[in-house]
Amino acid sequence: MPDLLLCVSAFSGGGNAVKIAPKVARILSQRGWKVHILYTKDKSLCDIAANTEYDYIAALGGDGYISSIAYGVWKTGKTLMPLPAGRGNDFCRKLGIGANSVKYLENKEFFVSENIDVALSKDNMGDEKIILGILSLGIDSVSNHYANMNSFLSGMLVYLWGFYKAVREFKPLTYKITVDGKYFEATSWTLGICSSGIYGGGIKLIPFSDLKDGLLDVITTDNISFFSFLKLICKIPSGKHIYSSNVQILQCTEITIDCDSKFLPYADGDLAGKLPITVKVLPSDLKIIY
């Protein structure tokens, strides 16, 4: 196997990435990789991934960390190995890796290489971000905002806590939306633009989202009452929410969104930029190995 740069987040999972990094490196070495470990603390993750001499880059951290590394990997045509060590680990869940890197690697017999779709966002300042999971606005982004303020919960619990904080002050927003050149407005509790369709520590917002279909999946709700919205949320674990008459789902290759909100869009657990923001799909544009 070739050389592999193992980038380790100093912060993901409350230090979990740093804790498991030596064991992860040892298992990868046993599988034949020549592992070089790099512990990272700063935010220039894209530059690290883009400027390294190694063609294979493993990202050990949470969804936001992996997507930041993925941006540099994508820009230079390198290959990404995503390894979960955060609180949500939703991209790795979508790939079947799960949330435990050590357990996954210990049971891994061989690695698979493939190209997947990714979503690329660009905000009104021209700042770009790779989205591996879901870009969200509305009550989901407010929930993410509060979840990031919580340091003692993990997985789905931290996002449920964030939702509890958010729902007390939130009202549906009116979005100005342009989908593949067609403009319309929608008043909704939430707006999600999905690459993998999973967020919040395993919540399948759009269960059928496909990382290889060359499309984005966009979900909104009607301007329904708070209690109707809560009933809708209760259907999410079974996936029945997507069949509700109060839910709209469409597919596209590019979407631009704007709305009047003090809360900014979030993607993969981190801020995605300022509004208006445009997201487009990049079919089969990211090389991964897992």
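## A six-stranded sheet

Let's start with an open sheet of six strands, ordered S14-S13-S10-S7-S16-S17 and paired in the antiparallel sense. Its edge strands are S14 (247-252) and S17 (270-271), each of which pairs on one side only. Strands here are DSSP runs (E, at least two residues), numbered from the N terminus, and two of them pair if DSSP finds at least two bridges between them.

This is a predicted model, where local features need pLDDT of at least 70 and side-chain atom pairs count only at pLDDT 80 or more, while totals for chains, interfaces and linings use all residues. Residues are numbered from 1 along each chain as its sequence is written, and side-chain values use heavy atoms, with hydrogens and water left out.

At one end of the order, S16 (residues 266-267) and S17 are antiparallel and share two bridges. Ala267 has Asp270 in S17 as its bridge partner.

## Strand S15 and its partners

Strand S15 (residues 254-259) is joined to the antiparallel strand S8 (residues 173-179) by five bridges. Lys176 has Asp258 in S15 as its bridge partner. S15 also pairs with S18 (residues 277-289), again antiparallel, over four bridges, and there Ile255 stands opposite Val279.

In a regular strand, side chains alternate between the two faces of the sheet. In S15, Ile255, Ile257 and Cys259 form the covered face, while Glu254, Thr256 and Asp258 form the uncovered one.

## Cysteines without partners

How many disulfides does a search of the whole structure find? It finds zero, taking a disulfide as a pair of cysteine sulfur atoms within 2.5 Å. For Cys46, the nearest cysteine sulfur, that of Cys7, is 12 Å away.

Cys234 counts as exposed because its relative accessibility is 63%, whereas Cys46 counts as buried at 18%. Buried means under 20% relative accessible area and exposed over 50%, with partly exposed in between (1.4 Å probe, protein chains only).
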